[in-house]
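Here are a few exercises to work through with the model open. Try each task before you read its solution.

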Amino acid sequence: MNQNLQVSQEGRIRRITLARPEKRNALSIAMCEELIAAVEDADGDPGTGAILLDAQGKVFCAGMDLDEALEHGPKEGLEVHERLFTIGQRVTTPIVAAVQGPALAGGIGLLCNAHVAVAAMGTNFGITELRIGMFPFVIFRAVAAAIGERRALEMTLTARVFQTDEALRI
């Protein structure tokens, strides 16, 4: 049973909604496991033609759950994060990310694993891990594959936040 997601089927669309708005949809280990299972289940269902990933609240995804990371240490959940941030390479059902609020850090990792991303104007994006002294190793390959290694490195090293219009150009 999903505690951190809402999953529904609307015709051939499997809608997976991040449902931790009180935590800015931060990716806990449990949420990552649920998200992997939900995407893989949708991918294995011949009645599903596309996966729509969206979120409740004002923030699409603020990245990893830092409270959990501090409690358990940086290596806890590494395998789960690796599976989540490579899922776009393994599934054959298109993943469409509908972004209605900030997508930061691991939230960018989710977008880079989607095959299509649609974002509301005024949405903020950023690979912001360096602001807290971390390099985004887990999401970096997906980001580099999506936008190019040099641009991914520049965005990582500056940790700057940018808007929808720049994301569209990227």
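Buried means under 20% relative accessible area, exposed over 50%, and partly exposed in between (1.4 Å probe, protein chains only). The model is predicted, so local features need pLDDT of at least 70 and side-chain atom pairs count only at pLDDT 80 or more, while totals for chains, interfaces and linings use all residues. Residues are numbered from 1 along each chain as its sequence is written, and side-chain values use heavy atoms, with hydrogens and water left out.

**Exercise 1.** Work out what share of the chain is buried.

*Solution.* Take the 170 residues of the chain; buried ones make up 46% of them.

**Exercise 2.** Find how the contacts split by separation in the chain.

*Solution.* Start with contacts (heavy atoms within 4.5 Å). Keep those with a separation of 6 or more; residues 24 or more positions apart account for 67% of these.

**Exercise 3.** Trace the strand pairing around β2.

*Solution.* Strands are DSSP runs of E, at least two residues, numbered from the N terminus, and two of them pair if DSSP finds at least two bridges between them.

- Step one: β1 (residues 5-10) and β2 (residues 13-18) pair antiparallel over six bridges, and Ser8 has Arg15 in β2 as its bridge partner.
- Step two: the two strands form a hairpin with two residues between them, and Gly11 in the turn has a positive phi of about 65°.
- Step three: β2 also runs parallel to β3 (residues 50-55), joined by six bridges. Here Arg15 has Leu52 in β3 as its bridge partner.

Key: Helices (H or I, at least four residues) and strands (E, at least two) are DSSP runs, numbered from the N terminus.
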